[in-house]
Amino acid sequence: MSEGERARLMEEVEEKKKLIANIRNKPWRMKRRLKHLKEAQLFVDKFEGALGKGKGRKLYAYKVMMMKKWIKFQRDFENFKTACIPWERKIKEVESHFGSSVASYFIFLRWMYGMNLVLFSLTFGLVVIPEVLMGLPYGSIPRKTVPREEQDTAMDYSVLTDFNGYCKYSVLFYGYYNNQRTIGFLKFRLPLSYLMVGIGTFGYSLMVVIRTMAKNADVGGGDGEDSEFTFAWKMFTSWDYLIGNAETADNKYASITTSFKESIVDEQENQKDENIHLRRFLRVLANFLITCTLGGSGYLIYFVVKRSQEFANRDDLGWYEKNELEIIMSLLGLVGPMLFETIAELEEYHPRIALKWQLGRIFALFLGNLYTFLLALFDEVNAKLEEEKDIKNASIWFMKEYFANFTANNPNETGTPPPIEPADVIRGPCWETTVGIEFVKLTISDIQVTYLTILIGDFLRALIVRFLNYCWCWDLEAGWPSYGEFDISGNVLGLVFNQGMIWMGSFYAPGLVGINVLRLLTSMYYQCWAVMACNVPHERVFKASKSNNFYMGLLLLILFLSLLPVVYTIMSLPPSFDCGPFSGKERMFDVIIETIELDLPSFLGTLFSYAANPGLIIPAILLMVLAIYYLNSVSEAYKNANNELKKKMQMARDEEKNRRNNKDSTNQVMKDLEDLLPNRSNLPPPEEKKGQIFFVEIFCERSQLVLFLGQGIIKGSQNRGYLHVLVYRAH
Amino acid sequence: MKNKHLQKISFIILKMFPNFKQQYFLSRLFHRYRDLAPQLVPLDYTNQPDVRLPYELIGSMPELKDNPFRQRIAEVFSEDGEGNMTLDDFLDMFSVLSEMAPRDLKAYYAFKIYDFNNDNFICKSDLEKTLNKLTRNELTEDEVRMVCEKVIDEADLDNDGRLSLEDFQHMIVRAPDFLREVCNFHHRFTSTMRGKMRKKIQEITL
């Protein structure tokens with residue numbers, strides 16, 4: 001076989017292979033596909049072997065075999081990966097009953113679970129496990145031991161649920177960790193790892209959120225022109241082919257009908273005139289009321305936090321006083337949105353816009369609450385820092401007393417006295433552990449409130465409606481209260497805020513991420529069960545596709561907001577002197593400086609010192625600002641170009657329509673002009689048209705308009721020469 | 001033995017779907033087809049028997065029975081255009097409507113589904129029928145007329161008063177929901193394969 005023939009044969013074999021690979025994409029009938037497939041496969045089998053004859057046959061056959069094995073391996077791996085996605089069947093079941101919007105919440109939940117799992121493994125593997133395996137055991141140093149005064153009550157259930165007692169002096173919280181620079185035979189640098197994991201948590205979360213946002217924006221084609229094909233899309237893509245259940249289908253029919261009616265009304269309403277002033281007044285009133293509510297709730301939280309600070313000094317507390325803060329915050333989270341919804345009825349927005357306002361307001365409510373909580377927490381921290389100074393002096397005095405007593409009681413001993421029992425040493429207030437405890441308590445109470453709400457608000461309600469219906473005057477199922485609908489936005493916001501608290505608290509309580517992983521896992525099963533057992537599908541099936549990035553955007557915002565307090569404490573607050581991995585240092589980030597000085601080669605040290613020079617940092621910041629400005633203006637330019645192209649396409653379409661119909665132009669300007677020049681076939685005498693020239697001249701003040709006119713006129717009429725003059729004169 | 005007739009359904013079809021998961025689905029699909037009418041469908045397909053299941057049976061499948069377009073779907077995929085499907089047609093339908101079919105293929109078949117009078121154009125009467133099926137005749141005549149006019153206004157590019165395949169594809173390709181919700185069945189099959197079934201398929205193909 002000659003070279004040319006062989007090359008041609010190889011080409012044909014490649015073509016047939018491509019056909020085999022793409023045969024699924026062709027819109028052919030099965031018989032035709034099978035016929036072509038048979039032919040192609042026979043051809044390939046016959047000639048693939050033949051090509052190998054000659055020198056490189058063995059090598060070629062070997063290559064082909066390895067390629068096949070590799071493809072098979074990839075296929076198996078893909079199968080394995082798909083089989084590993086957890087809860088896929090559960091979510092598909094929810095989707096078929098409730099539509100894709102409710103399922104999107106569960107997909108979001110699953111995504112969060114994945115992210116938390118990674119964070120948990122980071123924290124656990126790099127901070128908790130080393131301390132447990134290679135650090136000192138419980139009871140060996142003061143920070144790891146329960147103080148003598150508390151030892152009797154340390155195992156009590158009430159103390160443990162408050163996360164005091166043995167819980168407080170455990171791996172869960174910041175205070176347990178020792179500040180030894182390296183531990184164990186591996187010389188593991190725990191304080192450095194603690195700091196790095198804390199920062200890495202935020203870095204990883206940021207990366208993952210932004211990557212998902214970019215992917216979502218890609219798939220959706222951006223939040224595109226929903227005005228371009230509204231009705232066409234509604235007609236051809238609104239039926240959800242995944243619905244396999246008669247009840248959901250009924251709801252879907254109803255929601256499609258409602259959606260069409262809405263759009264029809266929108267179309268007709270565009271021309272309607274409304275009483276703008278009344279509407280504006282009502283909207284201002286509504287916003288004022290809502291701002292008042294938000295302010296009121298913020299003040300309430302602040303007041304309750306102050307009270308809880310006073311309670312912390314007293315001991316005779318009932319259950320209500322101890323948990324007042326968490327209860328009030330959770331209650332506000334329940335009552336606030338309902339209040340907002342009622343007030344929002346004054347505004348009479350389009351439902352889609354109303355929903356966005358609602359979400360924004362609930363977000364502000366939660367944000368305001370969270371930040372008031374944080375401010376109150378900071379007050380507490382500062383108080384503890386003051387206390388610490390006193391205790392430092394007291395503990396030094398205690399040490400001196402102990403030595404003095406020892407030498408006084410044992411005058412014969414000349415050696416150093418044995419160290420004080422860890423349980424007896426005077427302890428500092430350790431503000432970091434307190435902060436960690438607060439966050440853990442808040443998370444736990446949030447979990448409890450959510451689960452209880454589902455149990456009572458959905459399950460109990462469903463039970464009552466179902467069983468009390470037999471002996472009740474009106475139809476409970478059809479009228480009030482009927483079965484509950486799944487509150488997607490409320491649940492998603494709850495999830496987002498919970499994650500914000502985790503991000504804030506995980507630096508002070510490494511065990512918090514573990515608690516969250518457990519919570520998300522149980523949430524998945526619990527909520528899936530609750531949705532299928534107690535809820536009915538929505539009346540208005542909510543479209544999930546566009547809002548997905550909205551939730552991701554909220555998550556991103558919360559991430560930045562929760563980054564701030566942690567960074568502030570790392571940078572500016574001094575760590576406690578006797579607890580945690582940074583005890584004894586001026587600032588927490590001193591660990592990094594220490595590592596650079598002691599562990600890394602010296603030239604890296606000088607490099608970092610140069611990098612930290614303000615003379616280098618300020619130009620770098622300026623450069624970044626300039627880059628942002630440049631990219632911004634580039635993207636604006638692209639947007640403008642896009643709009644121009646769209647306009648051009650629209651114009652081209654209109655022109656096409658004109659040409660086809662050969663009738664009145666769609667352009668208002670051209671219509672006016674046609675009125676001016678009614679008789680196109682005759683050349684009008686110049687004197688008659690003088691008045692009109694003037695009119696047109698005045699009309700043509702702006703050059704754009706002139707071009708327009710020029711084009712239109714030249715196209716539409718015969719008096720070319722005359723009208724060129726017109727154009728020139730206007731210019 | 002069950003794997004015997006797996007062999008007998010075109011080996012080539014099996015080769016077309018070399019994915020284990022898809023082979024599993026394939027055998028399940030055959031059994032779904034057969035379960036609709038066990039007395040009509042033989043287990044042995046080597047002789048390519050000419051068996052057609054009438055539309056009534058197809059339209060009663062759980063994936064289709066709630067779908068307003070089930071009759072059109074059956075008509076589009078059936079050879080005789082009446083909705084009576086052979087096994088090949090059945091497999092065709094499921095493969096186009098699965099999640100893994102490419103978007104252009106789905107758009108092509110969607111166009112054929114919505115073209116009620118089979119004239120390769122979606123004209124106003126087709127649109128009216130589609131709309132009435134979607135809303136179960138809940139809209140008034142004026143509203144129906146208005147919507148159909150708007151649709152033609154929006155999507156008709158070559159200005160002939162009806163939608164050709166190009167117009168339809170141009171419009172549908174930009175729709176955000178098209179791939180996810182429309183023209184998708186999720187098989188009600190478990191995604192975890194039972195060990196025995198997997199082994200049997202492995203025996204056949206390796």
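1. Start with residues 501-522 of chain A in this predicted model. The span is 77% helix and 0% strand. Its end C-alpha atoms lie 18 Å apart. Compare residues 192-210 of chain A. That span is 100% helix and 0% strand, with its end C-alpha atoms 27 Å apart.

2. An unreviewed UniProt entry annotates "transmembrane region" at several places in chain A, including residues 192-210 and 501-522. Other stretches under this annotation include 117-138, 284-305 and 607-631.

3. Now look at Phe507(A). Among its contacts are Tyr194(A), Leu195(A) and Gly198(A). It also touches Val566(A) and Ile570(A). Further partners are Tyr174(A), Phe582(A) and Met588(A). These contacts do not count residues up to four places away in sequence.

4. Which residues have the most contacts inside the largest nonpolar core? They are Phe106(A) and Phe507(A), and that core has 95 residues. A second, separate core has 66 residues. It includes Phe229(A) from chain A, and Val41(B), Tyr55(B) and Leu131(B) from chain B.

5. Is Tyr105(A) buried or exposed? Its relative accessible area is 2%, and the cut-off for buried is under 20%, so Tyr105(A) is buried.

6. What does Tyr105(A) touch? Its partners include Phe486(A), Ile488(A) and Asn491(A). Val492(A), Leu495(A) and Gln527(A) are also in contact with Tyr105(A). Take Val492(A) as an example. Tyr105(A) and Val492(A) are 387 residues apart in sequence, yet 6.6 Å apart in space, C-alpha to C-alpha.

7. Next, helix H8 of chain A, residues 230-237. Seven of its eight residues are buried, so H8(A) is largely enclosed by the rest of the structure. The buried residues are Phe231(A), Ala232(A), Trp233(A), Lys234(A), Met235(A), Phe236(A) and Thr237(A). Note that Lys234(A) is on this list.

8. H8(A) also meets a helix of chain B. The partner is H8(B), residues 124-135. The two axes come within 10 Å and cross at roughly 60°. The crossing of H8(A) past H8(B) is left-handed.

9. Which residues make this contact? From H8(A) come Lys234(A), Met235(A) and Phe236(A). From H8(B) come Leu127(B), Thr130(B), Leu131(B) and Leu134(B). Together they divide into five nonpolar, one polar and one charged.

Conventions. Residues are numbered from 1 along each chain as its sequence is written. Chains are lettered from A and ligands numbered from 1 in the order in which they are written. This is a predicted model: local features need pLDDT of at least 70, side-chain atom pairs count only at pLDDT 80 or more; totals for chains, interfaces and linings use all residues. Side-chain values use heavy atoms; hydrogens and water are left out. Axes are lines fitted to C-alpha atoms, for helices over the stretch in contact, and angles run from 0 to 180 degrees between N-to-C directions. Helices (H or I, at least four residues) and strands (E, at least two) are DSSP runs, numbered from the N terminus. A crossing is left-handed if the near helix is turned anticlockwise from the far one by less than a right angle, and right-handed if clockwise. Contact means heavy atoms within 4.5 Å. Ala, Val, Leu, Ile, Met, Phe, Trp, Tyr, Cys and Pro count as nonpolar, Asp, Glu, Lys and Arg as charged, and the others, Gly among them, as polar. UniProt positions are given in the numbering used here, feature names are shortened, and annotations may be inferred rather than shown by experiment. A nonpolar core is a set of buried Ala, Val, Leu, Ile, Met, Phe, Trp, Tyr and Cys residues joined through side-chain atoms within 4.5 Å. Buried means under 20% relative accessible area, exposed over 50%, partly exposed in between (1.4 Å probe, protein chains only).
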